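Thanks, everyone. Today I want to talk about side-chain contacts, charged pairs and then rings. Have the model open as we go.

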Amino acid sequence: MKMEKWRWSSAAHRLLRLCSNPLSDLRCSPKLQNSTPSGVLYRHEGTCEWIRPFIGQQKQHFGQRSHHLWSGNCLGETPGIQNRFFGATATKIERNSKFATLNSNDISYFKEILGEKNVIQDEDTLLSANTDWMHKYRGSSKLLLLPRTTEEVSSILKYCNSRCLAVVPQGGNTGLVGGSVPVFDEVIINVSSMNNVISFDKVSGILVCEAGCILENLISFLDNRGFIMPLDLGAKGSCQIGGNVSTNAGGLRLLRYGSLHGNVLGLEAVLANGEVLDMLGTLRKDNTGYDLKHLFIGSEGSLGIVTKVSILTPPKLSSVNVAFLACKDYFSCQKLLLEAKRKLGEILSAFEFLDEQSMALALSHLEGVRNPLPPSLHNFYVLIETTGSNESYDREKLEAFLLSAMEGGLISDGIVAQDIQQASSVWHIREGLPEALIKAGANYKYDLSLPVEKLYNLVEEMRTRLENLATVVAYGHLGDGNLHLNISAPQYDDAILAQIEPFVYEWTSKNRGSISAEHGLGLMKANKILYSKSPAAVNLMASIKKLLDPNGIVNPYKVLPQSMIH
Amino acid sequence: MKIMVAIKRVVDYAVKIRVKPDKSGVETQNVKMSMNPFCEIALEEALRIKESGLASEVVAVSMGPPQCVDTIRTGLAMGADRGIHVEYPDALYPLSVAKLLKALVEVEKPGLLILGKQAIDDDCNQTGQMLAGLLRWPQGTFASKVIMDKEKQAATVDREVDGGIETLSLDLPAVITTDLRLNQPRYATLPNIMKAKSKVVKKYTPQDLNVEIKADLEVVQVTEPPKRKVGVVLSSVDELIDKLKNEARVI
């Protein structure tokens with residue numbers, strides 16, 4: 001069982017640094033609002049930048065609203081062009097001219113099939129639906145649709161396909177790579193209204209529900225019945241299961257319960273032409289033909305819209321123990337991981353690491369956090385969690401493991417949480433790191449999968465490259481070989497970016513790692529896939545995309561490089 | 001000077017409590033149990049007093065079924081020197097606990113007794129006070145600050161009372177019960193957890209202490225609080241007045 005509530009970070013307080021340029025309110029200028037169908041992200045050139053205050057919602061990651069202004073003629077932006085943030089050289093995307101633009105007939109049609117209430121054109125609602133969770137990307141969609149049934153989703157897609165209207169599927173809008181918001185004026189199909197639990201089998205633990213169910217609600221639903229969801233992430237208060245499945249969300253429990261590819265037993269998806277693909281099986285084993293659901297898991301909504309999910313849920317176990325340990329060097333962390341897997345075996349449920357810089361950051365920027373191992377900072381910290389069914393047995397096992405680790409010199413110090421409160425305080429240190437990074441200023445965030453032995457070498461190389469320019473902070477799911485590399489600086493600066501990209505991607509590629517371990521490609525890394533996948537593989541992906549979505553209307557501009565789709 | 005700290009094993013503070021279907025009590029099977037938070041604070045305070053050199057030994061006492069030893073081990077892992085377990089299979093109410101503690105005081109002769117102000121399962125807030133009464137010792141309850149004075153053999157206790165903070169000076173030996181803001185309990189570090197395994201936990205039964213446990217309270221029924229009803233949107237002030245008068249009966 002996870003101690004969800006108490007591990008969430010509290011509301012973020014964002015620094016507002018107003019730039020001297022009076023164009024700081026540019027985003028709301030009338031000119032922008034009328035400039036459809038252009039995308040309106042401006043590229044930072046000079047020193048002028050500002051960060052808007054963000055009223056943090058509880059239980060979520062926090063991102064920087066990065067509005068960069070042209071140092072020069074800010075309004076000289078050619079309509080139809082969007083510059084992406086992270087490219088060291090801005091890669092311009094053009095709105096695909098073959099997509100139609102909305103007209104009043106379209107609106108009437110949608111109102112007919114969905115009802116007036118579920119066809120949203122109201123500016124305020126559209127503003128938040130157009131903006132991603134990290135406030136890095138904003139589209140200019142003029143229409144938000146809220147279907148309530150699969151049939152409605154099917155009618156919408158069928159119509160859009162016939163009209164060649166681009167659409168973007170949206171759920172909780174908590175993605176970190178700009179995949180859930182429009183790039184230009186794509187119609188937003190938001191499945192939040194489809195939030196029913198269809199069935200739950202108390203014996204097998206198989207849950208069938210609609211795509212719009214919020215993860216936290218599913219967790220509470222299952223909690224009352226003695227089960228848990230096989231995934232857990234910080235965004236659980238807002239993210240929806242359809243999105244989780246579409247992005248193959250990882251999270252903190254992957255080490256124990258595996259990825260969604262293993263836990264999802266079936267799903268129902270609607271293809272670009274409106275065809276409903278019913279693969280909503282509830283069977284644990286079914287080797288009949290090609291297992292198509294895996295195409296939809298992790299394709300980030302680019303092959304179709306997931307409308308129902310059937311997922312296997314593990315039973316809730318009562319005994320949870322959390323240990324927070326200090327290691328002298330990274331090599332010890334690795335050995336500790338091996339030992340933990342061997343000695344703790346089936347009860348190991350999480351293995352996270354953070355380095356000294358992460359701890360320093362957490363202590364200085366997070367509220368209510370104290371150093372569990374005072375007085376000094378250690379080089380590395382490891383958080384180990386065990387989940388089992390027998391409290392005393394698990395305790396014994398954990399303590400035996402810790403004793404041998406200490407005697408073997410793998411850990412120099414550590415604590416074991418004595419109650420849920422202490423456990424969640426310890427988790428808060430790890431889970432609050434994204435928040436702490438935001439508070440510290442500008443944050444370049446990378447999510448990489450690397451061989452465990454080499455993982456920290458990248459961090460050390462980045463430190464050498466950046467020297468005094470920025471602080472490199474590293475933490476992550478060591479148990480899964482997933483590094484969250486974060487570069488923190490007082491302000492965004494292209495000089496820093498130049499040192500980071502494309503070096504980080506090339507380094508990862510050279511070591512056969514993944515440039516996106518769990519966050520996905522979305523818009524942010526749409527042109528980076530070749531760092532981690534061969535051209536042959538990407539070509540095949542493009543063929544599949546063309547097969548399932550010939551007009552390319554579903555979530556365009558994302559996941560795969562534009563050049564390879566057309 | 002020896003300090004004795006009473007610690008209780010309760011359902012963990014963060015667990016969602018469920019009432020048993022037969023309404024005889026709260027579900028405790030397969031539910032995480034931990035040391036009562038106020039007892040943790042009491043133990044932390046005792047350890048701090050010892051670390052400042054004003055006490056020689058901290059003894060952790062718990063009463064109940066065999067699993068209480070786990071809670072005592074936690075206390076030992078935090079830094080207590082010895083443990084005492086009074087084994088009794090059924091529920092123990094404050095008066096019984098106070099009588100048992102009095103008997104232990106006569107054996108151990110501590111100079112200071114620190115307890116949590118109340119347990120989070122029954123919220124009685126009685127044991128410390130009853131114990132002080134039985135022993136005829138001074139008591140400082142709801143302590144938010146404790147300052148020891150070695151020469152005067154007294155403790156100055158700031159108490160959180162309804163009107164604010166009341167400061168008392170207690171001659172030792174005395175009973176102190178702790179409130180939330182007294183301190184932040186430490187984590188149990190690995191070296192201490194390992195050391196705790198070899199620390200002694202002595203077992204007693206109520207008979208050993210010549211205390212007769214009488215069930216002076218009987219739990220008749222445990223029910224959940226009534227579920228919050230859905231709000232109703234009213235159409236006029238008159239309707240509001242009518243509802244306040246006739247339904248809620250508050251005016």
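Let me start with one definition. Buried means under 20% relative accessible area, exposed means over 50%, and partly exposed is in between. Keep in mind that this is a predicted model.

Now take B:E87. Its relative accessible area is 24%, so B:E87 is partly exposed. Its partner is B:K203, and the two form a salt bridge. The closest N and O atoms are 3.0 Å apart. This pair links distant parts of the chain. B:K203 sits in strand β12 of chain B, residues 201-204. B:E87 sits in strand β5 of chain B, residues 82-87. That puts them 116 residues apart. And is B:K203 buried or exposed? At 54% relative accessibility, B:K203 counts as exposed.

Some salt bridges share partners. One network joins A:D223, A:K316, B:K16 and B:R18. How many salt bridges are there over all chains? The structure holds 36.

Next, two pairs within helices. In helix α11 of chain A, residues 330-343, look at A:E339 and A:K343. They are four residues apart, about one turn of the helix. They form a salt bridge, with the closest N and O atoms at 2.7 Å. A:E339 is at 22% relative accessibility, so it counts as partly exposed. A:K343 has 40%, so A:K343 is partly exposed too.

Now helix α13 of chain A, residues 391-407. A:R395 and A:E399 are four residues apart there, so about one helical turn separates them. They form a salt bridge as well, with the closest N and O atoms 3.8 Å apart. Are these two buried or exposed? Both A:R395 and A:E399 are buried.

On to the rings. Over all chains, the structure holds 16 aromatic pairs. One of them is A:F200 with A:F227, an edge-to-face pair. The centres are 5.3 Å apart, with 80° between the planes. This pair, too, links distant parts of the chain, 27 residues apart. A:F200 is in strand β9 of chain A, residues 197-200. A:F227 is in the loop between α6 (215-223) and α7 (241-246) of chain A. Both A:F200 and A:F227 are buried.

There is also a cluster. A:Y330, A:F353, A:F380 and A:Y456 form one aromatic cluster.

Last, charges over rings. A:R225 lies over the face of A:F221, at 3.8 Å from the ring centre. A:R465 lies over the face of A:F503, at 3.9 Å from the ring centre.

That's my tour. Over to you.

Note on methods. Residues numbered from 1 in each chain as written. Chains lettered and ligands numbered in written order. Predicted model: local features only at pLDDT ≥ 70, side-chain atom pairs only at ≥ 80, totals over all residues. Heavy atoms only, no water. Phe/Tyr/Trp six-rings, centres within 6.5 Å; stacked < 30°, edge-to-face > 60°. Buried < 20%, exposed > 50% of the residue type's maximum accessible area, 1.4 Å probe, protein only. Lys NZ or Arg CZ within 6 Å of the ring centre and 35° of its normal. Salt bridge = Lys/Arg side-chain N within 4 Å of Asp/Glu carboxyl O.
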